[in-house]
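Please look through the structure below before reading on. The paragraphs after it go from the whole chain to single residues.

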Amino acid sequence: MKNLTTFVLTSTLAVLSLVGSAAVAGAETKEQFFPLLVYRTGPYAPNGTPWANGKQDYIKMVNARDGGINGVKITFEECETGYATDKGVECYERLKGKGASLFDPQATGITFALTDKVIKDKIPLVTLGYGLAASQDGGVFKWNFPLMGSYWTAADMLIQHLAKKEGGFDKLKGKKIALVYHDSPFGKEPMPLLDERQKMHGFELIKIPVTAPGVEQKSAWLQVRQQRPDYVLLWGWGVMNSTALKEAQATGYPREKMYGVWWAGAEPDVKDVGEGAKGYNALALNTSGQAPKVIQDILKYVHAKGEGTGPKDEVGSVLYTRGLIIQMLGVEAVRRAQERFGKGKVMSAEQVRWGLENLALDQKRLDALGFSGVLRPISTSCQDHMGSTWARVHTWDGAKWNFSSDWLQADEQILKPMVKVAAEKYAAEKKLERRTPADCQS
């Protein structure tokens, strides 16, 4: 009997030990999954790669420095799109069922293709500084988050900046402004705002398309030479940007009269042109350089351990830092959601969506995260899925970027009516109901 009792006790303890081990293992495998759509190959790779590296390094740093998000480890899986819409959709379909927190498509074309899908799948799309301008209206676009800006806000800030240079909006009358644009949804997206500003101020808007990927621009710059615009707005990406600057140099068009969108103002766009790009201007959503604390933490917790995703000297570059910002906002959306749905728990995509809609990153919080001076505070709401519309102009001096303007902000008196009209049109076409106040609270 004693032996039987001992056997039962031993067996019970063994079972309890296994249960305990399983519980510990379960606790250890709490994972918040971020699918990462990237393009490390093709003509857009020089720009897409640092963006992707920044996102990966931020995840690695949060895991190493903080132990994840309140104890929840962050995992990720990359999927190569080559910037192609069909491949982007394939990546989305493959990764969405793995517990995806959100998607950052890294391409306006892919965003257009996924916008209808995420409504049914209930997964948020984060499109920082790109995507559909109308999706700022969270009352219609429940799942889209064009955080920090759209191509309408970018175009508006550039026109404001040019007006200031000329001495007032009235001085724009009779001026010629050329839009040299990537012939894709991305390049066409700023046009409604530019058309509106043209009506208001009487400048002539010349639209000059460039066939993707943009390695051949002779005909575009022949038009520039013939039209002799007062300013050129460059809506380019990847190899298109450096090619445009080389063509401008060959054509004799002054680089100081060229102004790029924030996707045409990074190191890969100018470094091969060097002195030939001197004077070129572009919008900037964020700073660059290795001074910020978050960059120092990346170097300490990731690169010093040999776990950096890309080269160490790339850390802190314009697009690398933008990748950090995008991933930080995703992580903070999870953290915000945990405050409501359970600290230390894995958040579903629907819960992350609530977190994105209720971001409240004031200066104190940005300082605590190590992003002091890198970007402006950002807070979102049910009606405003953008949260911030600030940017500055920086200018290439032949070796580095230097800020050449104060902070600019899009004019909401112009933007809001346009966004509402475009959102209502989209809702009518897709037979979507505007969200109720109750839905905004849920």
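**From the surface to the interior**

The chain exposes about 18100 Å², of which carbon and sulfur atoms supply 53%; accessible areas come from the Shrake-Rupley method with a 1.4 Å probe, and for residues only the protein chains shown count as cover. This is a predicted model, in which local features need pLDDT of at least 70 and side-chain atom pairs count only at pLDDT 80 or more, while totals for chains, interfaces and linings use all residues. Residues are numbered from 1 along each chain as its sequence is written, and side-chain values use heavy atoms, with hydrogens and water left out.

Of the 442 residues of the chain, 55% count as buried, where buried means under 20% relative accessible area, exposed over 50%, and partly exposed in between (1.4 Å probe, protein chains only). The C-alpha trace spans about 105 × 50 × 40 Å along its principal axes. Among the contacts with a separation of 6 or more, 69% come from residues 24 or more positions apart, a contact being heavy atoms within 4.5 Å.

The chain has 16 helices and 14 strands, which are DSSP runs numbered from the N terminus (helices H or I, at least four residues; strands E, at least two). The UniProt record, an unreviewed entry, lists residues 35-397 for "domain: Leucine-binding protein"; such annotations may be inferred rather than shown by experiment. Over residues 35-397 the chain is 42% helix and 15% strand, and the end C-alpha atoms are 37 Å apart.

Helix α13, at residues 349-357, is mostly covered, since eight of its nine residues are buried. Those buried residues are A349, Q351, V352, R353, W354, G355, L356 and E357. They pack against β1 (31-38), β3 (125-126), β4 (144-145), α12 (318-341) and α16 (437-441).

Some backbone details also deserve attention. Most residues other than glycine have a negative phi, and most peptide bonds are trans. Y83, however, has a positive phi of about 70° although it is not a glycine, and its place is in the loop between β2 (73-80) and α3 (85-95). K122 likewise is not a glycine and has a positive phi, of about 60°; K122 is found in the loop between α4 (108-121) and β3. Y83 is buried, with a relative accessible area of 15%, whereas K122 is partly exposed, at 39%. The peptide bond from A212 to P213 is cis, with omega near 0°, and P213 is found in the loop between β6 (204-210) and α8 (218-227).

The C-alpha atoms of W237 and G139, 98 residues apart along the chain, are separated by 30 Å.
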